[in-house]
Amino acid sequence: MNDMDDKAVERRKRRWPSFLAGAVCGALFAAAVYVYSTGFINIPFLGSIVIGGDPQKTVETASGSDAARAEINYGRVNLKLRMIQSILVQDYYYDEDAQAVEDGIFTGMMYGLTETDRYAAYYPAEEYAEQLNSTRGNYYGIGALISQDPETNTMTVEKVYAKSPAEEAGLLAGDILKRVNREDITYMDLSTVVDDYVKGEEGTYVNLTVERGGETVELQIKRGKVEIPSVYASLLSEEGGRKTGYIYVSGFEVATVGQFKEAVDAFIEEGAEGLVIDLRDNPGGVMDSALSMLDYLLADNIGAFSADEKTADKGKTLLLYTENKQGRADSFYASDKHEVKLPVTVLMNANSASASEIFAGVLKDYQKAEIVGTTSYGKGIVQTEFPLPDGSAIKYTSSQYFTPSGYAVHGQGVAPDVEIEASEEFLETGADPENPDPDADNQLAEAIRELYR
């Protein structure tokens, strides 16, 4: 045997322990995965084998090293989920609600995005259905707002909506609800009463027993589509006969557009000389509704803010555009062939957000309105709600809004043309959208003065 042969033997000898160690580790890992899948091993012990060493130490190390990963390791995630589930099957004291656990997994996945996207969320099917109803501004019920005293459980009718089934049947604000369909609801939760007893299919009936002024009143109410008001309109008259239309918009829902147009048309017919649109404390809502309302106010062919004569903006009224990862995405234009030629002021404060900021920003860009109040909240990013096949949905930020001039609302807000803080007296009493009072509301008084300067 020559020197070359001796060296080859030595190399083989050195490799053999490494080979054995690798083979043993591989066998242990395969065995661990098998017994894990069949459940014939103590789960915490399995965790130390599969993940390696001390489970607590390993988890901490893994979380730190994975913080910057750009892609999700679904193989590892699935293995970990199965491991946790096996632990729960063997050792969890309570009964497991599988649907709730699944919803929690998906909720956690979207929550992982919230460090950079605070609006990311997962909505279970039932929650998403409720949200759709609220944003539409319609539901099948009776059209009454009911409150419950937390101490006595007493349920009181706070408000009966105009033109609602409840109003037609004679239900009044102040009525105390005692029975629904002859069933005592005294000790029930308000949400249970409303969701399980009062609401129902359109055209069906619900029987209410209420207490009114010490007397018992029986009412039969036919359920129907209820349009929840989000627009409150008042015609304000000054000495000398000048009339100003005041419109408070609480939020932008699907039903808001029709309510807004109806209010504007009524003011014009009644001879209003200007409009005050109050968006204070308006959190936003459905952007399409805000754009439809802007379209109703603005002419279709203003044509300003065209960056290039060859672009589609030429000769049109650009209302809004968005940008996503790829650049400019969607553009929205006025197209309804309608214009309101009255002067307009818009009231805003720090709680005016999202769609309300776009609404004000567009009118400001086209010099259609003066903005009165304080700088708005500064939310100008687009959340996409993506419905999933099982009725659930996810929400995430997909793009950013820009007003026609290219102004990015997000993080900046819309600054007022006339800055004025609400007076201490007004803040103490609060606004009453149904009964606006310029004598008590200094910001409203300033908005009216600004209309006619």
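Here are some questions and answers about a predicted model of a protein chain.

Visitor: How many helices and strands does the protein chain have?
Guide: Happy to start with the overall picture. The protein chain has 453 residues, and 38% of them count as buried. Its secondary structure comes to 13 helices and 19 strands.

Visitor: Is Asp 278 buried or exposed?
Guide: Asp 278 is found in strand 12, which covers residues 274-278. Its relative accessible area is 1%, and the cut-off for buried is under 20%. Asp 278 is therefore buried.

Visitor: Which side chain is joined to that of Asp 278 by a polar contact of 2.7 Å?
Guide: Good one to look for in the structure. Leaving aside neighbours within four places in sequence, Asp 278 is in contact with Tyr 246, Ile 247, Tyr 248, Val 249 and Leu 347. The polar contact of 2.7 Å joins the side chain of Asp 278 to that of Tyr 246.

Visitor: Which element gives the largest share of the largest nonpolar core?
Guide: This core has 46 residues, and those with the most contacts inside it are Phe 260, Ile 277, Val 346 and Phe 359. Beyond its neighbours within four places in sequence, Phe 260 is in contact with residues including Ile 277, Met 293, Leu 297 and Phe 359. The largest share of the core, seven residues, comes from helix 10.

Visitor: How many residues are in the second, separate core?
Guide: You can find this core through some of its members. Among them are Ala 166, Val 206, Leu 208 and Val 210. The second core has 21 residues.

Visitor: Which element gives the largest share of the lining of the second largest pocket?
Guide: About 810 Å³ of space lies in this pocket. Of its 30 lining residues, the closest to the centre are Gly 285, Val 286, Met 287, Gln 383 and Tyr 401. Elements giving two or more residues to the lining include helix 6, helix 10 and strand 18. The largest share, five residues, comes from strand 17.

Key. Residues numbered from 1 in each chain as written. Predicted model: local features only at pLDDT ≥ 70, side-chain atom pairs only at ≥ 80, totals over all residues. Heavy atoms only, no water. Helix = DSSP H or I, 4+ residues; strand = E, 2+ residues; numbered from the N terminus. Buried < 20%, exposed > 50% of the residue type's maximum accessible area, 1.4 Å probe, protein only. Contact = heavy atoms within 4.5 Å. Polar contact = N/O pair within 3.5 Å; in protein donor to acceptor, adjacent residues only side chain to side chain. 1 Å grid on protein atoms, 1.4 Å probe; cavity = no way out; pocket = protein on both sides within 12 Å on 5 of 7 lines; lining within 4 Å. Points joined across faces, edges and corners; volume = space filled by probe spheres on them. Core = buried A, V, L, I, M, F, W, Y, C linked by side-chain atoms within 4.5 Å.
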